[in-house]
Amino acid sequence: MPEWLALQRHALEMRKRHLRDLFTVEPHRGRRFAVEAAGIYVDYSKNPVTAETMGLLFSLARSCRLTAERRRLFAGEKINATEARPVLHWALRDSTGRALMVDGVDVMPRILQVRERMAAVSEQVAAGERLGHGGRRLEHVVHLGIGGSDLGPRMACRALRFYSRPGLQVHFVSNLDPSHLSATLRDLSPENTLFIVASKTFSTQETMANAAHARGWLLKHFADEAAVRRHFLAVTAAPAAAVQWGIDEADVFEFWEWVGGRFSLPSAVGLPLMMAIGAEGFADMLRGFEAMDNHFRQAPLERNLPVILALLGIWHADFRLARTHAVVPYSQDLEHFPSYLQQLEMESNGKRVNRDGRVLEYATSPVLWGGTGTNAQHAFFQLLHQGTQVVPCDLIGFCRPLEPYADHHEQMLANLLAQGQALAFGKTRAELAAQEVPATLVPFREFSGDRPSTAILLEELTPAALGKLIALYEHKVFVQGVIWDILSFDQWGVELGKALARRLLPKLKGEAPSGGEDSSTRGLIDHCRKKMK
C-alpha cells in the first residue's frame, strides 16, 4: 500500500530525530499531542511522532477501511470469519434498548435477563438469604475458570477491592496444578463456601478437573449429592452440560458463543465481581464500558483514543521494529492488569496470516508485559532506560487516591511523571560533566533517552473508570487487527497443545504404550514415568 510505503520512508527520516529535538522544535507539543475524552487523558507527546507521522498513520487507517469495519462491528456482522460469528461484547453493556439480531433472534432481552438473575443471586448471598447445605451463611466464593474466564474477574475484583462488600471473600483458582486449589481450600470450610464453575463449553480440562476436585472436597464433608446444588453455580454457553454435571438449572448463568473469553467480563463471567461489589457497582462499570464504546464509535479518528493508541502501537511495532510493549499501572490495585492485557492483545492479534490465510510479511502483536509502579522501577526499568532494546510503554495513573494517604499518592504520581520524562530525555554526557561526574563513570550513568512512553491518566479508580480503561484497550485491539488485516477474534493457536496433551496423557499414565512421538517427547515421557513410580 502506498500509505505503508510512505510510513516506511518517513520512519527512516524520523530515526535521525531525538525526542529532545522534537520538544525543542515544538515546545508546546505536550498540548498538541494530548487528547481527553470519556474521562481519560492521554498524553502521547513523548512518542517519536510529528504531525506528519500522525497524518500518515490516520491515512493508513482510512485506507484500511477502519470506519467501515467499525460499522460492521457495531452492526453485529459476523466479523469472526473462521467461526462465522459476530463479535458482540459491546452489546453486553449497551443501554440504548435497541434490538440486536443474531440469526434472527434479538439477543438484548437475554442479556438483560441473565444480568437480572446475576443480581438476584448476588443479593441473596450478600443478604444471607442463600445458605449452604448445612444452613450456614455463604462467606467465601471460589471462582473456577481459566483464561478469559479467570483473568477478567480476577483482575477486576482486585482492581475494585476498595468497593468490596464486607462479609464475603472471593478467591480465584485457574491452574491445573492441584496445589492451586488445595492451597485455596486449606483454610476454607465446605459449610460456607460457594463455587462458581466458569467454562464456555463446560468441558475445559483445567476448569473441570478443579471442579471435580472441589466437588469431592464438598461431598467428603456432606456425603450428600444435594449439597452440590446448594454450593455450585455455573457460568457457561453450554447450560445442558452444567445441569448434567449436577448444577441446578436455576443456578446456570448463560453467556454466548459471540462473546470471546477475553472480552467476557461484562457477561455472566463477571458474576464473582458482581458478588464482590454489588449489582450497582457492576452497573457502574458497564456504564464506563459504554462511555468508551460511544467515544470509539463516534469520535473522529484524530481525536479517538483507541485509534490513537492502536496507531502508535503499529508505528512502534512495524516501523520502529519494537518487539515488546510494557504496561505499567501506578496502582497496586491494578497489579493483574498487565496479565489481563497479555491475553487480550496477544491472543487476539498474535497471528501470522491475514484474513485470506496468506502468511504476513510484517509484525503483528508485540509481546506485552509489565508490572506495577513503583515496584517495576526497582525491577525492569533498568532495561527500559539503559537496555539495548527500546521498549515503548504505557504509564497508567489516577489523579486522586482512594485511600486517605494523599502524600503517598502524590509521591507515586510524581514517579509516574518523572519516569516518562527520564525515558524521553535521558541524561547527556554534557549534563554529567557539568555535575562533575568522574569520566570513568560517565558511560555507566549516561541515559540515552529517546525511549517512548504514553501517559494515560484517569481521575480515580472507580468501577466506571475501570470499564473505560478496559474498553480503551479492547477497541485498540480491534483497530490494530483491522490495519494488520488479521482476524482478531478467534484463537486457534491455543488448540494444538490441548489436543496433543489429550493424546499424551494415557501414555504418561502408562495406560497406552508410547510410540509415534519424536525422540525428545518419547524420552521425556519415559523419564517422567520412571520418576513417578
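The reply below starts with the helix, then turns to the sheet and the backbone.

Reply: This is a predicted model: local features need pLDDT of at least 70 and side-chain atom pairs pLDDT 80 or more, while totals for chains, interfaces and linings use all residues. Residues are numbered from 1 along each chain as its sequence is written, and side-chain values use heavy atoms, without hydrogens or water.

Take α16, residues 406-425. Helices (H or I, at least four residues) and strands (E, at least two) are DSSP runs, numbered from the N terminus. The 20 residues of α16 should span 28 Å at 1.5 Å a residue, and its end C-alpha atoms are 28 Å apart, which agrees. The expected span is 1.5 Å times one less than the number of residues.

The buried residues of α16 are His409, Leu413, Leu416, Gln419, Gly420, Leu423 and Ala424. They fall within an arc of 130° seen down the axis, so they line one face of the helix. The arc is taken from the directions from axis to C-beta atoms. Buried means under 20% relative accessible area, exposed over 50%, partly exposed in between (1.4 Å probe, protein chains only). His408 and Glu410 are exposed, on the face turned away from the buried side.

What covers the buried residues of α16? The cover includes α2 (19-25), α15 (381-386), β12 (393-398) and β13 (453-458). Contact means heavy atoms within 4.5 Å. After α16 comes Gly426, with a positive phi near 60°.

Now the sheet. It is open, with five strands in the order β6-β5-β7-β8-β9 and parallel pairing. Strands pair if DSSP finds at least two bridges between them. β6 (169-173) and β9 (252-254) are the edge strands, each pairing on one side only. Neighbouring strands are turned by 20° against each other on average, direction ignored. Axes are lines fitted to C-alpha atoms, for helices over the stretch in contact, and angles run from 0 to 180 degrees between N-to-C directions.

Five bridges join β5 (140-144) to β7 (193-198). Val142 stands opposite Phe195 in β7. Helix α7 (148-159) packs on the sheet, touching β5, β6 and β7, with its direction at about 145° to that of β6.

Last, the backbone spots. A cis peptide bond joins Gly373 and Thr374, with omega about 10°. Thr374 lies in the loop between β11 (367-370) and α15. Asp485 has a positive phi, near 60°. Its loop runs between α19 (463-484) and α20 (495-509). Asp485 is partly exposed, at 27% relative accessible area.
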